[in-house]
Amino acid sequence: MYHNNSIRILTGNSHPELAQSVTERLNVPLVPCTVKKFSNGETNVKISESVRDEDVFIIQSGCSDVNDNLMELLILISACKTASARRITAVIPCFPYARMDKKDKSRAPITAKLVANMLVVAGCDHVITMDLHASQIQGFFDIPVDNLWSEPLMIGYIKRQIPGWENSIVVSPDAGGAKRVTAIADKLGVEFALIHRKKDGKSVTAPDRMELLVGDVKDKVTVALLVDDMIDSGTTLSLAARTLQEKGAKAIYALISHGLLSETNLSLIDELPIVQLVVTNTIPQRQHQALCKKLVTIDVSPTIAESIRRTHNGESISLLFGEWAETTGVEVLWNVESR
């Protein structure tokens with residue numbers, strides 16, 4: 001068991017609700033900490049308790065005002081470093097700029113690498129994150145990085161909450177998610193399918209359309225499980241859901257790790273041919289919940305809390321990638337029935 005006098009948990013303004021839930025599970029109070037802005041927009045941090053020679057965990061997600069939240073995290077890390085913290089771990093449920101992980105066109109920045117450099121320069125010793133957009137981002141760091149998965153939670157949710165999952169097919173809306181969906185399909189013992197997105201014509205302004213590359217959803221299944229790591233504008237989800245419906249899927253569930261939903265008209269989600277849009281609370285979802293009746297939120301705080309406890313105690317966290325998360329039970333924070 002960890003010692004309460006040697007672990008300190010701080011948070012900025014990005015996701016205080018998740019941080020509070022994690023501390024309650026660990027029975028450790030949040031360190032009183034004020035993070036606010038000066039009138040000229042500069043961020044000011046004041047930590048009200050000593051962190052000297054303590055094991056510090058700073059929970060801050062890359063959501064909504066991403067740049068402000070990232071700057072808060074960097075300043076909190078720097079403040080703890082200069083206050084002689086023994087070890088500083090940045091707990092980043094949704095890693096900022098994760099989609100900018102490669103130079104995909106001329107003069108494009110690799111901003112995920114820049115963020116990694118900034119965290120290390122600020123004084124970070126260890127990073128815990130969840131469902132990185134690309135696993136190779138771990139290689140951008142010269143410090144340990146633990147990339148937790150929401151996959152076991154999703155599998156637990158599928159088995160407990162989705163009727164007829166035994167006769168389902170797991171679908172990736174793009175080729176990049178093939179590894180993710182095949183892993184889930186193998187663990188569920190069901191088939192998988194891939195969808196390819198391309199322009200419907202040669203014109204630059206031609207609309208996008210999707211076609212099924214691998215797998216068959218017609219007549220074989222009652223349930224199509226559409227799995228992705230992130231939803232922002234909702235365009236991919238809309239195209240994929242309608243493609244699956246045209247191909248004969250009878251019920252479609254979308255399971256997505258990070259529900260950014262920053263550019264999404266949530267009322268349109270309710271009009272899509274899906275039964276539920278299941279996301280985790282790596283991003284705050286309370287404001288989205290009132291606008292979308294099909295939105296269901298899964299709580300990741302048990303996984304994050306256990307990873308913090310194990311990191312502090314020097315225990316292996318490999319248990320969190322398997323049956324532990326599936327058998328612990330999936331806590332659904334908000335759904336249609338809870339309203």
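Asp228 and Arg180 form a salt bridge in this predicted model, their closest N and O atoms being 3.8 Å apart, where a salt bridge is a side-chain nitrogen of Lys or Arg within 4 Å of a carboxyl oxygen of Asp or Glu. The pair links distant parts of the chain, with Asp228 in strand β11 (residues 223–231) and Arg180 in helix α5 (residues 178–188), 48 residues apart; helices (H or I, at least four residues) and strands (E, at least two) are DSSP runs, numbered from the N terminus. Asp228 counts as buried at 11% relative accessibility, whereas Arg180, with a relative accessible area of 23%, is partly exposed; buried means under 20% relative accessible area, exposed over 50%, and partly exposed in between (1.4 Å probe, protein chains only).

Residues are numbered from 1 along each chain as its sequence is written, and side-chain values use heavy atoms, with hydrogens and water left out. Because the model is predicted, local features need pLDDT of at least 70 and side-chain atom pairs count only at pLDDT 80 or more, while totals for chains, interfaces and linings use all residues.

By the distance rule above, the count comes to 17 salt bridges. One of them joins the side chains of Asp299 and Arg25 at 3.5 Å, N to O, and this pair links distant parts of the chain: Asp299 lies in the loop between β14 (295–298) and α9 (301–313), and Arg25 in helix α1 (residues 16–26), 274 residues apart. Here Asp299 is buried, with a relative accessible area of 3%, whereas Arg25 counts as partly exposed at 40% relative accessibility. Lys105 forms a salt bridge with Asp104, with 4.0 Å between the closest N and O atoms, and both Lys105 and Asp104 are exposed. Elsewhere, Glu306, Arg309, Arg310 and Glu315 are linked in a network of salt bridges.

The nonpolar interior comes next. A nonpolar core is a set of buried Ala, Val, Leu, Ile, Met, Phe, Trp, Tyr and Cys residues joined through side-chain atoms within 4.5 Å, and the largest one has 43 residues, with Val22, Ile162, Val170, Leu188, Leu225, Leu255 and Ile308 having the most contacts inside it. Domain 1 (7–148) and domain 2 (151–299 + 329–333) both give residues to this core, so it lies between them; the domain bounds come from an automatic or database domain assignment. Leaving aside its neighbours within four places in sequence, Ile162 is in contact (heavy atoms within 4.5 Å) with Tyr157, Val223, Leu225 and Tyr253. A second, separate core of 32 residues includes Val51, Phe95, Ala122 and Ile143.

Strand β4 (residues 55–59) has 5 of its 5 residues buried, and both of its faces are covered, with Asp55, Phe57 and Ile59 on one side and Val56 and Ile58 on the other. Two strands pair if DSSP finds at least two bridges between them; β4 pairs with strand β1 (residues 7–11) in the parallel sense over 5 bridges, and Ile9 stands opposite Phe57 in β4. Another 5 bridges join β4 to strand β5 (residues 87–92), these two strands running parallel, and in β5 the bridge partner of Ile58 is Ala90. From β4 the chain crosses through helix α2 (residues 66–82) to β5, and this β-α-β crossover is right-handed, which means that, with the strands pointing away from the viewer, the path from the first strand over the helix to the second runs clockwise.
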